[in-house]
Amino acid sequence: MKSSTDCKSHLSWRSEFPVTETYIYMNHAGVAPLSRRSRDVMTEFLEDATVNGAVNAKHWEQAAEACRGVAAQLINADTTEIAFMKNTTQGILIAANGIDWRAGDNVVTTAVEFPANVYPWWSLKERYGVQTRMVPEQTGRIHVEDVASAIDERTRAVTISHVEFASGFRNDIQALGEICRERDIWFVVDAIQSLGAIEVDVKSSNVDILAADGHKWLLAPEGAAIFYCADDKQGRLINTNVGWASVVNPRDFLNYDLTQKPDATRFEEGSYNSVGLYGLKAAIELLLDIGISTIEAHILQLTEHLMAGLEAKGYRVVTPRAHSERAGIVIFESNQHTPAEIYEMLHAENIITAERGSGVRVSPHFYNTTSEIERLLEVLPNL
């Protein structure tokens with residue numbers, strides 16, 4: 001029997017996603033489909049740019065500022081703390097390259113991060129002599145005390161994914177942020193696997209820098225990312241990518257003045273991906289219309305049903321079961337079939353998942369239903 005949440009999502013929310021007409025799409029941790037409203041506003045932008053060139057460029061700027069406003073609302077930030085990037089990696093690079101490093105300093109992260117949150121920090125060793133300390137996971141979890149024990153008097157930053165891409169484990173960023181605040185350590189969060197799926201509050205979690213591209217749980221196009229830097233940390237972060245748009249008089253082209261803007265837009269070195277920001281704005285507005293708490297509750301309900309069904313069929317679920325320890329990702333393994341074989345079984349039935357390591361990753365969103373979870377379970381053989 002479908003829950004009332006399922007019925008509501010089917011009647012009102014699912015109609016926003018034409019992908020549901022062909023697929024049971026559960027790869028939002030990879031690349032998500034677009035909603036009708038995101039597609040429509042981007043199409044309108046492209047038509048305007050095609051027919052009118054830049055005549056209406058003022059509208060493009062207004063849309064970007066409106067996008068900044070809803071992005072700030074999404075993470076409980078001020079608009080002065082939001083900048084736009086081309087991807088998560090660019091935001092992490094700004095953080096890694098902007099800290100005033102000294103030889104012998106170190107940064108603490110985990111041994112299971114997506115490479116976007118590894119290589120920018122590793123590259124500091126050759127240039128500055130900075131060590132990257134990588135905390136291992138234990139039984140699919142990163143323990144706060146293990147991160148804390150890796151910190152010493154030369155630790156300048158802790159950088160971590162809010163939700164780990166290869167396990168689905170949700171890190172306790174509130175506890176980690178408190179540790180960093182007490183020790184005056186930069187706290188950097190890769191939120192690409194959480195933003196849009198679960199509630200994120202940069203203030204209560206003492207996050208200094210956050211980065212997240214739009215193409216996963218935010219349901220936005222690739223190439224339009226959110227970057228957050230706390231107001232009180234912007235002056236301490238060296239801006240290594242100063243461009244024409246970073247300064248106080250960006251439109252006074254021949255009056256050269258290197259004075260940087262007084263807010264996070266100093267990190268926006270050049271022109272926007274305007275069409276991408278139109279799509280990102282519409283996508284965030286959709287999420288806010290529904291409510292992140294509502295989305296989180298539904299996703300956790302779906303994944304709880306999935307995990308119970310997988311275990312009942314004999315599969316090993318890697319992702320922790322506690323609600324506080326996971327978000328939208330479920331990783332499971334089989335002792336009889338390879339990840340590729342399972343992926344193909346599901347794909348043959350138009351059920352879209354992803355292979356990750358030794359398992360298969362399933363990542364449903366708010367418009368997915370319990371009946372779709374049951375269909376996935378039906379396709380999988382008993383072990």
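Biologist: Which residues does Ala245 touch, leaving aside those up to four places away in sequence?

Modeller: In this predicted model, Ala245 touches Pro250, Lys261, Thr265, Glu268, Glu269 and Gly270. Ala245 itself belongs to the loop between strand 8 (225–229) and helix 9 (274–290).

Biologist: Is Ala245 buried or exposed?

Modeller: A residue is called buried when its relative accessible area is under 20%. Ala245 has a relative accessible area of 7% and is therefore buried.

Biologist: How many residues separate Ala245 and Ile24 in sequence, and what is the spacing between them in space?

Modeller: Ala245 and Ile24 are 221 residues apart in sequence, and their C-alpha atoms lie 42 Å apart.

Biologist: What lines the second largest pocket?

Modeller: The second largest pocket, with about 270 Å³ of space, is lined by 17 residues. Those nearest its centre are Phe114, Ala116, Ile192, His215 and Lys216. Six nonpolar, six polar and five charged residues make up this lining.

Biologist: Let us turn to a helix. Which residues of helix 8 are buried?

Modeller: Helix 8 spans residues 173–183, and its buried residues are Ile173, Leu176, Gly177, Ile179 and Cys180. They cover an arc of only 160 degrees around the axis, so they lie on the same side of helix 8.

Biologist: What covers the buried residues of helix 8?

Modeller: The covering elements include helix 7 (144–150), strand 5 (155–161) and strand 6 (186–190). Just after helix 8, Asp184 adopts a positive phi of about 55 degrees.

Biologist: How many residues has the largest nonpolar core, and which have the most contacts inside it?

Modeller: A nonpolar core is read as a set of buried residues joined through side-chain atoms within 4.5 Å. The largest such core in this model has 68 residues. Ile75, Ile82, Phe187, Leu195, Tyr228, Leu280 and Phe366 have the most contacts inside it.

Note on methods: Residues are numbered from 1 along each chain as its sequence is written. This is a predicted model: local features need pLDDT of at least 70, side-chain atom pairs count only at pLDDT 80 or more; totals for chains, interfaces and linings use all residues. Side-chain values use heavy atoms; hydrogens and water are left out. Buried means under 20% relative accessible area, exposed over 50%, partly exposed in between (1.4 Å probe, protein chains only). Helices (H or I, at least four residues) and strands (E, at least two) are DSSP runs, numbered from the N terminus. The arc is that of the directions from the helix axis to the C-beta atoms. Contact means heavy atoms within 4.5 Å. On a 1 Å grid over the protein atoms alone, a cavity is a set of points where a 1.4 Å probe fits but cannot get out, and a pocket is an open set with protein on both sides within 12 Å along at least five of seven lines; lining residues have an atom within 4 Å of a point. Grid points are joined across faces, edges and corners, and a volume is the space filled by probe spheres set on the points. Ala, Val, Leu, Ile, Met, Phe, Trp, Tyr, Cys and Pro count as nonpolar, Asp, Glu, Lys and Arg as charged, and the others, Gly among them, as polar.
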